[in-house]
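Biologist: I'm new to this one. Can you put it on screen and walk me through it?

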Amino acid sequence: SFDGEIVLVGSKSEAPMAEAIGKGLAVDRVQNRVGSTSLSELFMILASSKLLIGADSAPVQMASLTQTTVLNLSCAAVNFWETGPRTDGSRILFAETMSDIKPADVVTEALSLIQGQAPGPH
């Protein structure tokens, strides 16, 4: 069973996508902290979270220190094998550009992580 919170982090420009993902997840404990979280706040937030959904960034790496599972949204502008999550059970949702990643695909993948299912086809 799912125990813990899901936290969405990112820049202010990612707020519309985060809002769509949060609504699509339809679970009780989703924190949308996109555009409103400082780096100093992240460790505390991550330590109490079950899943971090975020792009290639410092929070993805910080999650490995708190053993928080990550759904890393990644695109061709970075090398996800270098910047991707290190926490066991984490996944990478990859597209050519960030705008190619659809909120519905993020929701599907996040729910499969929460429910312990295999990655979905994308």
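Predicted model: local features only at pLDDT ≥ 70, side-chain atom pairs only at ≥ 80, totals over all residues.

Biologist: Okay, strand 3. Why do we say it's largely enclosed?

Modeller: Because 6 of the 7 residues of strand 3 are buried, the rest of the structure largely encloses it.

Biologist: What does it pair with, strand 4? Parallel or antiparallel?

Modeller: Parallel: strand 3 and strand 4 are joined by 5 bridges. Two strands count as paired if DSSP finds at least two bridges between them. If you want places to look, Ile53 sits opposite Leu71 of strand 4, and Ala55 has Leu73 of strand 4 as its bridge partner.

Biologist: How many bridges between strand 1 and strand 3?

Modeller: There are 4, and strand 1 and strand 3 also run in the parallel sense. Find Ile6 and you'll see Leu51 of strand 3 across from it.

Biologist: Which residues touch the most other members in the largest nonpolar core?

Modeller: Ile21, Leu25, Leu51, Ile53, Leu71, Leu73 and Val106, out of 18 residues in that core. A nonpolar core here is a set of buried Ala, Val, Leu, Ile, Met, Phe, Trp, Tyr and Cys residues joined through side-chain atoms within 4.5 Å.

Biologist: Which elements give two or more residues to it?

Modeller: Strand 1 (5-8), helix 1 (15-25), strand 3 (49-55), strand 4 (69-75), strand 5 (91-95) and helix 5 (103-114). Helix 5 has the largest share of this core, with 5 residues.

Biologist: What does Leu25 touch?

Modeller: Leaving out residues up to four places away in sequence, Leu25 touches Ile6, Val30, Ile53, Val107, Ala110 and Leu111. Contact means heavy atoms within 4.5 Å. There's also a second, separate core of 10 residues, with Val7, Val9, Leu52 and Ala63 among them.

Biologist: New topic: which residues of helix 3 are buried?

Modeller: Helix 3 covers residues 58-66, and its buried ones are Pro59, Val60, Met62, Ala63 and Ser64. Gln67 follows helix 3 and has a positive phi, near 60°.

Biologist: Last one. Where is Thr37 found?

Modeller: In the loop between strand 2 (30-32) and helix 2 (39-47). Thr37 counts as partly exposed because its relative accessibility is 24%.

Biologist: And what is Thr37 in contact with?

Modeller: Setting aside neighbours within four places in sequence, Thr37 is in contact with Leu42 and Ile45. Check Val9 as well: Thr37 and Val9 are 28 residues apart in sequence, and their C-alpha atoms are 7.3 Å apart in space.

Technical notes:
Residues numbered from 1 in each chain as written. Heavy atoms only, no water. Buried < 20%, exposed > 50% of the residue type's maximum accessible area, 1.4 Å probe, protein only.
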